[in-house]
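Please read the report below alongside the sequence and the 3D view.

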Amino acid sequence: MTGEDRILRRIHRRAIAFTTLCAAVACAFDWRAGLSLTIGAAVVISSLLVLEKLTERLVPPQAKHGIRALVPFLLVTAASVLLLGVAAFRWKGFSLAGGAAGVSVAVAAVVLEGFERGRGE
């Protein structure tokens, strides 16, 4: 396992752990906020996974080149963002604060890894 693979695994674990913890806390106050947080975090986590796969496809040359190799990943990202938009604007119980917290919580895992790498770990 390369160093990059270990970093990505740590980011994945942290993102899921942060999301789970924050969703549990949010659900203690309002279940709609907890569900909104989970939806927002799911979109960001799936987008991070898609970004990871996109970079894998772009860096080493593969049999399929060009945009056709990237279309499935781009469609997954577009669908997840569309579903977040539908939830945010069509569901009356969607908590914008919870959704924003969900997006922030997943990004916090990446930021934390950046701070650790900056310290020399």
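A residue is called buried when its relative accessible area is under 20%, and exposed when that area is over 50%. By this cut-off, 30% of the 121 residues of the chain are buried. The model is predicted, and the mean pLDDT of the chain is 77, with 83% of its residues at 70 or more.

**Overall fold**

Confidence is highest in helix 1, with a mean of 82, and lowest in helix 3 (residues 67-90), with a mean of 76. Among contacts with a separation of 6 or more, 71% join residues 24 or more positions apart.

**The nonpolar core**

Five residues form the largest nonpolar core: Ala15, Val44, Ile45, Ala106 and Ala109. Two elements, helix 2 (31-58) and helix 4 (96-118), each supply at least two residues of this core. Leaving aside residues up to four places away in sequence, Ile45 touches Ala15, Ile16, Thr19 and Ala106.

**The largest pocket**

The largest pocket holds about 210 Å³ of space. Helix 1 (3-29) and helix 2 are the elements that give two or more residues to its lining. Helix 1 provides the largest share, five residues. The residues that line this pocket are Glu4, Ile7, Leu8, Ile11, His12, Leu48, Leu51, Glu52, Thr55 and Val110. The table sorts the lining by class.

| Class of lining residue | Number in the largest pocket |
|---|---|
| Nonpolar | six residues |
| Polar | two residues |

**A closer look at Ala23**

Ala23 lies in helix 1. Is Ala23 buried or exposed? Its relative accessible area is 10%, and the cut-off for buried is under 20%, so Ala23 is buried. Which residues does Ala23 touch, not counting those up to four places away in sequence? They are Gly34, Leu37 and Thr38. Ala23 can also be compared with Leu35: the two are 12 residues apart in sequence, and their C-alpha atoms are 7.2 Å apart in space.

Methods: Residues are numbered from 1 along each chain as its sequence is written. This is a predicted model: local features need pLDDT of at least 70, side-chain atom pairs count only at pLDDT 80 or more; totals for chains, interfaces and linings use all residues. Side-chain values use heavy atoms; hydrogens and water are left out. A nonpolar core is a set of buried Ala, Val, Leu, Ile, Met, Phe, Trp, Tyr and Cys residues joined through side-chain atoms within 4.5 Å. Buried means under 20% relative accessible area, exposed over 50%, partly exposed in between (1.4 Å probe, protein chains only). Helices (H or I, at least four residues) and strands (E, at least two) are DSSP runs, numbered from the N terminus. Contact means heavy atoms within 4.5 Å. On a 1 Å grid over the protein atoms alone, a cavity is a set of points where a 1.4 Å probe fits but cannot get out, and a pocket is an open set with protein on both sides within 12 Å along at least five of seven lines; lining residues have an atom within 4 Å of a point. Grid points are joined across faces, edges and corners, and a volume is the space filled by probe spheres set on the points. Ala, Val, Leu, Ile, Met, Phe, Trp, Tyr, Cys and Pro count as nonpolar, Asp, Glu, Lys and Arg as charged, and the others, Gly among them, as polar. pLDDT is the predictor's confidence in each residue, from 0 to 100.
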